[in-house]
Amino acid sequence: MRVGTLVMETLAERAAFMRESLQKSQSITENMVAILGSFDHRLSALETAMRPTQIRTHSMRRAHENIDKTLKAAEVFLGQFDLSRQAEAKILRGPHEDLESYLEAVDQLRSIVHFFSGNKSLQSSIGVLNHANNLLSKAILKLEEEFRQLLTSYSKPVEPDRLFDCLPNCLRPSSGSPGQGDANGKKLSSTNHKLEAAIFTVPTLIPPRILPLLHDLAQQMVHAGHQQQLFTIYRETRAAVLEQSLRKLGVEKLGKEDVQRMQWEVLEAKIGNWIHFMRISVKLLFAGEKKVCDQIFEGVDSLKEQCFADVTATSVAVLLSFGEAIAKSKRSPEKLFVLLDMYELMRELQPEMETNFQGKYCMEMRESAVVLTKRLAQTAQETFGDFEEAVEKDATKTAVLDGTVHPLTSYVINYVKFLFDYQSTLKLLFQEFDEGDADARLTAVTTRIMQALQSNLDGKSKQYKDPALTQLFLMNNIHYIVRSVRRSEAKDLLGDDWVQIHRRIVQQHANQYKRISWSKILQCLTVQGLSSSSGGQLGSDSGSNSGLSRAMVKERFKTFNIQFEELHQRQSQWSVPDSELRESLRLAVAEVLLPAFRSFIRRFGPMIENGKNPQKYIRFSPEDLERMLAEFFEGKTWSEQKR
C-alpha cells in the first residue's frame, strides 16, 4: 500500500508541472503574436509611403529604354539609307568594272527592300522603298544583259580537231575521213571491245573561271523572278553553238528520202561517219554541255534540266533521225553489218544517254534513243532472215565455166566470217526478242545458212552438161566452205562433227569426178577384149588372129590418145583454186592412170613399135602423161593451151 501511495503522489506532481509549463508557453505565444501584428502594421504604412517614389523610378527607367531603342532604330534607318546610297553608286557604275562588287550591291538592295517593306510606318520609308525597287529592277536588267554578253562571248563552236583529240587513240579518225569504216565494208566499230577501258576526255566548253560568274548571275536572275528570261538567253545561245559544232564536225540533216536516193557506197560512208559523230556527240559534246549546264544552274534543278533538254533537243533529233531513216529503209543483205554497227553503238551509248538525259524534260529524247535501238535490232534481225532466204533462192545465172568456187559461195562465207566479228552483238540482238540460249540460236542460224548455200550449189551444179565438171564444181565449193569454217570462229560453233562430215562430202565428189572422167579411158588400157576370138595369143605371128589382135591394140592406142587429148584440152581449162586440193586430185588420177598406161605399154608396145608408123599410135610416154597431168585444173584458156 505504501508503495502505491508514493507512485500516485509522483504522478500528481508531474501532472501539475506540465500544466504550469503549458500555461507559460501559451502566454509567450500570445506576446509574439502581438509583436508581429505591430510589425505588419508598420511595414504596411512604410510601403504606402514609398509607392509614389517607386512609380516615378519605373517611369524614368522605361523612358530611358525607349530613348535607347529610338536611337538604335534611328541608327539602323540611317545605316540603311547609307547602304542604299552605297549600293546605288555601285549599280550606276554597272557590272563591267567589278561584277563581284555589283552582285554584292544587288544583294544589298534586295536586303534594303526587305527592310523598308517591313517598316512602312515611317513617312520616308515609302519613298526609299520605291527608289530601291526601281534601282533593283534596273540592276537585274543589267545583270541579264551581262549574263547574255558573258555567255555569248565564251560560247564558241568546238573545232573537229579539238574533239578528235578528246577521243581515245583507237577511235581517232585516219587522215582523209572522219569515219571509221574501211573500203571493204568491214566492221566499222572493230575496236568496240577495247572501248570499255578507253578514256574519253570531255572538252571544256566554257573556261572554268567564267562558270562561277555565270552561276552567280543566274542565281540573281532566279531570285528576281527572271527564270524565263534566263532560260531563253541560255537556250538560244548554247543551242546555236552546239548545232554549229555538229555542222563543223560534218553532221547533216538527212531523212528517209535522202537515204533512199543514195548509192550504197555513199550511204555506207555516211553511216560510218554517223557512228563516229554519234559517239562524239554523246560522249563529248552532250556530256560537256551537261557539265556546263549543271554548274551554271546548280541549286535550280528544274531550270537545269529544262535548259539542257532544250539546248540539245534539235541536235539529238537530227542525229537520231538519220538512224531512223536507215532502220526504215529498204532492207538488203549488205546493210546487215552497218545495222549491227549502229545497234552496237546505241547499246554502247545507252548508259550515257540515261545519265546525261535525266528528268522529265529529257524523257522524249531518252525514249527516242531506246526506240531507235529496238528498231535497229528488229531491222537487223529481219535482214538476217532475208539473207538466209536469199541464199537459198539465189537464182543468178552467172556460169562458172571452169568449175571453180562460185561467187555466191565466197560471198556467203565472207558474210558469215564478218558475222562472227559480231558474235556478242548478235547474241544481244537475239535476246531483244527471245530469252532463249543465244549461242544455240546463233549456231542454228549459221547451220541454216550453210544448208541453204549447199542446197543452192546443188541446183547450180546441174547447169553443167559434163557430169565430171558437176562433181568438180561441188568438190571445189564444199572444200572452200570447209576450209573457211576450219580457219574461222565458225568451227567452234558448228563443231568438229560438221567439219568431218563435210570433208567426207568433198572426198565423195572427188571420187565421183575420177570415176566419171577416167573410167572410160582406163578401159582402153585393160586386156579385156584384146584376145582373138579363137583364143590365139596376142602378138603371135600366125594367121588372121594376129592381125585382128594387132588392129585392136592399135585401136586401143588410138582411142586412148583421142580421149586423153580431149580430157587434157577440156580439163586444163577447169580450175581447182586450192593448190593442195589440186595437187591431191592430180596425184589421185596419176596413181591410177600411170601404172595402167605403163603396164599396157610394156605388154603391147613392142607389137606396135615393130610395125609401121608406131608414133601414130604410141603418141605419149608415161613422162608425157605425167607432165600433161600437171596442167590439169589450171584454168587455162584455149589460146593459152595453144601457146
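In this predicted model, Glu252 is partly exposed, with a relative accessibility of 38%. Its side chain meets that of Lys270 in a salt bridge, with 2.4 Å from N to O. Glu252 sits in the loop between helix H6 (227-249) and helix H7 (256-261), whereas Lys270 belongs to helix H8, so the pair ties together parts that lie 18 residues apart in sequence. Lys270 is also partly exposed, at 23% relative accessibility.

A second salt bridge joins Arg261 and Asp258, whose closest N and O atoms are 2.9 Å apart. Both residues lie in helix H7, three residues apart, and about one helical turn separates them. How exposed are the two partners? Arg261 counts as exposed, at 59% relative accessibility, while Asp258 is partly exposed, with a relative accessible area of 26%. The cut-off for calling a residue exposed is over 50%, so Arg261 at 59% passes it.

Over the whole model, the count comes to 29 salt bridges. Side chains of opposite charge can pair when their charged atoms come close.

The largest nonpolar core holds 157 residues, and the members that touch the most others are Phe147, Trp518 and Phe564. Which helix gives the most to this core? That helix is H8 (residues 264-296), with 15 residues. In soluble globular proteins, nonpolar side chains tend to be buried together.

Leaving aside residues up to four places away in sequence, Phe564 touches Trp518, Ile521, Leu593, Phe620, Leu625, Met628, Leu629 and Phe632. One of these contacts, Trp518, is itself listed with Phe564 and Phe147 among the core members that touch the most others.

Notes. Residues are numbered from 1 along each chain as its sequence is written. This is a predicted model: local features need pLDDT of at least 70, side-chain atom pairs count only at pLDDT 80 or more; totals for chains, interfaces and linings use all residues. Side-chain values use heavy atoms; hydrogens and water are left out. A nonpolar core is a set of buried Ala, Val, Leu, Ile, Met, Phe, Trp, Tyr and Cys residues joined through side-chain atoms within 4.5 Å. Buried means under 20% relative accessible area, exposed over 50%, partly exposed in between (1.4 Å probe, protein chains only). Helices (H or I, at least four residues) and strands (E, at least two) are DSSP runs, numbered from the N terminus. Contact means heavy atoms within 4.5 Å. A salt bridge is a side-chain nitrogen of Lys or Arg within 4 Å of a carboxyl oxygen of Asp or Glu.
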